[in-house]
Amino acid sequence: MSFELQREINSMKASHLKAFSHEENSGLKRRLEPRDQELRAKNKRLKAKQDQVLRQMGQGNKSVIKMSGTCKNSLALTTTDKRFEWLGQIVSLMKQKHQDGNNYPINIEEMEEEVRAKFQPVLSDKVRNWLVNEALPNNPKIQIVEGNKYQYKPSFNIRNRKQLLKLLQKTDLAGDGGILMEDIEDSIPGNKAKNVVEALGDAVIVVPRSDRKQVIFFNDKSCDLEIDESLQKIWNSVSTSGFSESKIEDYLHKHDITSMQDVGLKPGSDNKRRKKHPVQKKRM
C-alpha cells in the first residue's frame with residue numbers, strides 16, 4: 001500500500017471520528033441541557049432564598065438596635081417625665097391655694113406632703129434636688145420668700161375692683177394698652193375676676209382678639225368730646241383725597257392757619273416742668 005493511500009485512509013478515519021464525536025457530544029449536550037437548566041434554576045432559587053433570609057436577619061438586627069435605642073430613650077424620658085410631673089403638680093397646687101385665698105409660703109417638705117395627699121407620687125432625692133436648685137427658682141409662677149419657702153406668683157398683685165381699676169389706669173397712661181382677661185383671672189383670687197370686671201361697668205372696654213382672648217382696656221372718658229352735628233357735616237364734606245400732608249400744610253399756611261406739628265414728645269426730650277422765676281415783691 002502506498003504512502004499516499006494510507007494517509008488518505010487515515011484522514012477519512014479522522015473525519016469520521018470527528019463527526020461521530022461531534023454528534024455524540026451534541027446528543028450528550030441535548031440530553032444534559034434540561035438537567036443543567038433545572039440545576040441552574042434550583043441554584044437560583046436557593047440563592048434567592050438565602051438572600052431573603054440574610055435580608056430578614058439584617059432587618060431583624062436593625063429592629064433590635066432600634067428597639068434598644070427606644071428602650072434607652074424611654075428610660076431617660078421616664079426620669080424627665082417624673083421631674084416635670086412633680087413641677088406641674090406643685091405649680092397647680094400653689095395656684096389653687098392662691099385662688100382659695102391661702103397663698104401663704106410653704107417649704108418643699110410641705111409641698112411634697114400636700115401633693116402626695118392628692119396624687120400619691122414618689123419624690124426621689126434626684127427630683128427633689130432638681131426642684132429646689134433649678135426648677136422652682138427659675139419658674140415664673142413661683143417666688144421664693146423667707147429663704148427656703150415658696151409662694152405662687154400671680155400675673156399682677158391685685159385682689160379687688162379698686163386695685164384692678166388703678167392698674168388699668170396706670171397701664172393706659174404708660175401707653176401699654178390693655179390687660180389680658182386670663183391674667184386678671186390668674187391674679188384675683190376666688191375665681192371672681194369676671195364679676196370684678198363687670199362691676200367696673202363703662203369704666204373699662206372689653207375687646208375680643210382674633211384668638212378669642214379678651215383684652216380689658218381702661219375707658220378714659222376725659223377723651224370723649226361732644227362735637228356739634230353741623231360741624232361734623234362740614235368736616236365730612238371736605239375731601240382731602242389726592243392731597244399729601246405737605247400740600248395741606250402749605251394751604252393752611254397761605255391762609256394764616258397754624259397746623260399742629262410734632263405731636264407728642266420728641267425722642268430724647270424730657271417732660272420736666274420749667275422752673276418759675278421768683279416773683280419780686282413790690283416795694284412799698
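**Note on the sheet and the nonpolar cores**

1. In this predicted model, three strands form an open sheet in the order S3-S5-S4, and their pairing is antiparallel. Strand S3 (179-180) and strand S4 (204-208) are the edge strands, and each has a single partner strand, so one side of each is left without a neighbour in the sheet.

2. Looking at one pairing in detail, S3 and strand S5 (residues 214-218) are joined over two bridges in the antiparallel sense. Within this region, Leu 180 has Val 215 of S5 as its bridge partner.

3. A helix accompanies the sheet: helix H4 (residues 161-173) lies across S3, S4 and S5, and runs at about 80 degrees to S5.

4. Turning to the side chains, the largest nonpolar core holds 19 residues, of which Trp 86, Leu 87, Ile 90, Met 94, Met 111, Leu 131 and Leu 136 touch the most other members. Two or more residues of this core come from each of helix H1 (3-99), helix H2 (108-118), helix H3 (125-135) and strand S2 (149-152), and H1 gives the most, with six residues.

5. Which residues does Leu 131 touch, if residues up to four places away in sequence are not counted? The contacts of Leu 131 are then Trp 86, Leu 87, Ile 90, Ile 108, Leu 123, Leu 136 and Pro 137. In soluble globular proteins, nonpolar side chains tend to be buried together.

Notes
Residues numbered from 1 in each chain as written. Predicted model: local features only at pLDDT ≥ 70, side-chain atom pairs only at ≥ 80, totals over all residues. Heavy atoms only, no water. Core = buried A, V, L, I, M, F, W, Y, C linked by side-chain atoms within 4.5 Å. Buried < 20%, exposed > 50% of the residue type's maximum accessible area, 1.4 Å probe, protein only. Helix = DSSP H or I, 4+ residues; strand = E, 2+ residues; numbered from the N terminus. Contact = heavy atoms within 4.5 Å. Pairing = 2+ DSSP bridges. Axes fitted to C-alpha atoms, helices over the stretch in contact; angles between N-to-C directions.
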